[in-house]
Amino acid sequence: MSRITPLVRPNIAALAPYSTARDEYDGPIGIFLDANESPYENGFNRYPDPHQAALKAKIAPLKGIPVENLFLGNGSDEAIDLIFRIFCKPGKDNAVIISPSYGMYGVAAAINDVAVHSVRLEADFSLDSRKLADACDDWTKVIFLCSPNNPSGNAFPKEQLLDICDRFPGIVVIDEAYVDFSEQGSLAAEAVARENLVVLQTLSKARAMAGLRVGMAISSVETIQLMSQVKYPYNLSRAAMEKALILIENKIDNQVYTIINERKRLSEILPCFPFVRKVFPSDANFILVRVDDADALYDYLLKESIIVRNRTRVPGCEGCLRLTVGLPAENEALLNALENYAL
Ligand SMILES: *Cc1c(COP(=O)(O)O)cnc(C)c1O
């Protein structure tokens, strides 16, 4: 028996997945009278491939992993929800998350009636593995980590993440939405090799396709099969997959390079403003900045039509704004506005 099997909810383990018409016959040509579709062709009258074979065949080699270890979802948010549904018994099991971090882990937990134990990061947003271990109990099924972390921007050391995986008997999820901006690199290959590790990535950030809603999970074949069984059969639309197949061909190296350069430039200039108290180091495409009066600066920038994310009411982020790195000209406009604010 694998390490995963005893972690799966019994109702999920016993599931007989819905078999779609396209599961039973997926040949390219023929007279399709099997799925109650309209026979009038308009490009979208047919259901999309529930196995997303074409898109997976493009993405898997990009990530350096076998297709069997790749799940595609309607954003990474779908993968987060599926992990709760597959592994956590509502009202009984719990998940451990870090704070501050991405809000969806807590929201998806609440929707699934799964309790959450939250571990506060240190003042510099590093993670104390001892505190994480202390937050786990016999009912903890999943640990959610985010690296580079949103909203703090820092990546946790690879060795620390793998050490947590080695010690924890349940599932460890590492959300790598911002991995393309980090020098640390991905744990995707580790997720193929380790049964209990799930790595989340997305086309939404560096790949510039947030509007298409394509996220992914990389994990053991067993976990990927479970996710594929529990997902809605047609979770990715034909429109999203067709467009993603085209846009995935775009080389993003130059864009990522420019954003990292701009991140460095902003990180050097921002501390010079008298109202800036701290610029936190970032491995992502955003910078968390602590200022004298976050609400006032947020309102001022809004008046200047510059919209940033006010995180001052997030515990651990008091006084902080999160600034996404934009185009060089956009960042210049931000710096100009900040100069005028200082006056
Ligand atoms: C933006 C973001 C995602 C991406 O979510 P999608 O649903 O794929 O758009 C995932 N995790 C974190 C931490 C994020 O900040």
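This is a predicted model: local features need pLDDT of at least 70, side-chain atom pairs count only at pLDDT 80 or more; totals for chains, interfaces and linings use all residues.
I began with β1 and strand β7 (residues 215-218), which pair in the antiparallel sense over four bridges. I count two strands as paired if DSSP finds at least two bridges between them. Helices (H or I, at least four residues) and strands (E, at least two) are DSSP runs, numbered from the N terminus. Across this pair, L72 stands opposite M216 in β7.

Residues are numbered from 1 along each chain as its sequence is written, and side-chain values use heavy atoms, with hydrogens and water left out.

Next I looked up the whole sheet. I found an open sheet of seven strands with mixed pairing, in the order β1-β7-β6-β5-β4-β2-β3. Because β1 (70-73) and β3 (115-120) stand at the edges with a single partner strand each, one side of each is left without a neighbour in the sheet. From one strand to the next, the twist averages 25°.

Then I turned to helix α3 (residues 53-63), which packs on the sheet and touches β1, β6 (197-202) and β7. Contact here means heavy atoms within 4.5 Å. The direction of α3 makes about 125° with that of β1; axes are lines fitted to C-alpha atoms, for helices over the stretch in contact, and angles run from 0 to 180 degrees between N-to-C directions.

On to the rings: I noted nine aromatic pairs in the structure. Rings of Phe, Tyr and Trp (its six-membered ring) pair if their centres lie within 6.5 Å; planes under 30 degrees apart count as stacked, over 60 as edge-to-face and the rest as tilted. Y178 and F286 are edge-to-face, 5.0 Å centre to centre with 80° between the planes. This pair links Y178, in the loop between β5 (171-175) and α8 (188-193), with F286 in strand β9 (residues 286-291), 108 residues apart. I checked burial too (buried is under 20% relative accessible area, exposed over 50%, partly exposed in between; 1.4 Å probe, protein chains only). Y178 is buried at 6%, and F286 is buried at 2%.

Last, I looked for charges over rings (NZ of Lys or CZ of Arg within 6 Å of the ring centre and within 35 degrees of the ring normal). R322 lies over the face of F286, at 5.5 Å from the ring centre. The charged end of K278 sits over the ring of F280, 5.4 Å from its centre.
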